[in-house]
Amino acid sequence: MKPDPRKKKVCNFCADKVILIDFKDAQKLRRYLTDRGKILPRRITGTCAYHQRNLASAIKLSRQVALIPYIMEG
């Protein structure tokens, strides 16, 4: 059997030792959205389950206070 050639993705938040994801940092949160405005899943971004839940909550809160649009026009 051959080893899997895909590289294991590392959670960026764990690597940076981030405890709380700031909802006011819209530029960082936009990296985890598609061009349509949907939240990217864990398997694509590589975030751990704990930070993915916090990330989704931060994105939703950021949308409510109008820092990020719900739908991006394309």
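The protein contains four helices and zero strands, where helices (H or I, at least four residues) and strands (E, at least two) are DSSP runs, numbered from the N terminus. This is a predicted model, in which local features need pLDDT of at least 70 and side-chain atom pairs count only at pLDDT 80 or more, while totals for chains, interfaces and linings use all residues. Residues are numbered from 1 along each chain as its sequence is written, and side-chain values use heavy atoms, with hydrogens and water left out.

**View 1. The overall fold of the protein.** Read from the N terminus on, the elements follow the order α-α-α-α. The C-alpha trace spans about 50 × 30 × 15 Å along its principal axes.

View 2. Histidine 51 belongs to helix H4, which covers residues 49-64. Histidine 51 counts as buried because its relative accessibility is 4%, and buried means under 20% relative accessible area (1.4 Å probe, protein chains only). When neighbours within four places in sequence are left aside, histidine 51 is in contact with Cys11, Phe13, Cys14, Val18 and Ile21, contact meaning heavy atoms within 4.5 Å.

View 3. Of the 74 residues of the protein, 30% count as buried. Among contacts with a separation of 6 or more, 62% come from residues 24 or more positions apart.

**View 4. The charged side chains.** The protein carries 17 positive and 6 negative side chains, with Lys and Arg counted as positive, Asp and Glu as negative, and His and the chain ends not counted. The centres of the two sets lie 7 Å apart, the place of a charge being taken as NZ of Lys, CZ of Arg, CG of Asp or CD of Glu.

Conventions: Buried < 20%, exposed > 50% of the residue type's maximum accessible area, 1.4 Å probe, protein only.
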